[in-house]
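Reader: I'd like to learn how to read a protein fold step by step. Could you walk me through one?

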Amino acid sequence: MKSNKFWIILFSLILLVSVLVLLLMTLPIIPYVSYAQIFKDGELIETINLSALPETIEITLESGDRYNVIQAETGRIRISEANCFSGLCARQGWRYGGVIPIVCLPNRVSVRLIGSVSWDNGIDGVVG
């Protein structure tokens, strides 16, 4: 009888740890991002302090008949609307951080997320 209690407790502990690990894996891990740099044709247009935004802001970049609408909130940014032929930049969704920028190649717009203005978040190397 004592042996059965041991296995029930052990199985319960393993099940509990497994559920906790699954819960932790599904939580979004948001890296700290404080600034976004918006580039048009390779030139820096604007730097936004994402950690100090009191409300959602929208920036519209127009060039001839092409446009991009960039939305920024506290800690995140996205291209919400673009009239390029593929629309991939608008479908990327919100960016919270990372080394991959938001890029609209047809409209030549890119958004780069960095931890601070003085920190260079460049690529260390390329594999492939």
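Predicted model: local features only at pLDDT ≥ 70, side-chain atom pairs only at ≥ 80, totals over all residues.

Reader: What does the accessible surface of the protein chain come to, and how much belongs to carbon and sulfur atoms?

Author: The total is about 9,100 Å², and carbon and sulfur atoms account for 62% of that surface.

Reader: Next, the secondary structure. How many helices and strands does the protein chain have?

Author: There are two helices and seven strands. Following the sequence, their pattern is α-β-β-β-β-β-α-β-β.

Reader: What share of the contacts joins residues at least 24 apart?

Author: Take the contacts between residues at least 6 apart in sequence: 34% of these join residues at least 24 apart. A contact here means heavy atoms within 4.5 Å.

Reader: Now for a sheet. In which order do the strands of the open three-stranded sheet lie?

Author: The order is S3-S4-S5, and the pairing is antiparallel. Strand S3 (57-63) and strand S5 (76-82) are at the edges with a single partner strand each, so one side of each has no neighbour in the sheet. From one strand to the next, the twist averages 20°.

Reader: Over how many bridges do S4 and S5 pair?

Author: Strand S4, residues 66-73, pairs with S5 over six bridges in the antiparallel sense. To find one yourself, look at Ala-72: its bridge partner in S5 is Ile-77.

Key
Residues numbered from 1 in each chain as written. Heavy atoms only, no water. Helix = DSSP H or I, 4+ residues; strand = E, 2+ residues; numbered from the N terminus. Areas by Shrake-Rupley, 256 points an atom, 1.4 Å probe, with all protein chains shown as cover. Pairing = 2+ DSSP bridges. Axes fitted to C-alpha atoms, helices over the stretch in contact; angles between N-to-C directions.
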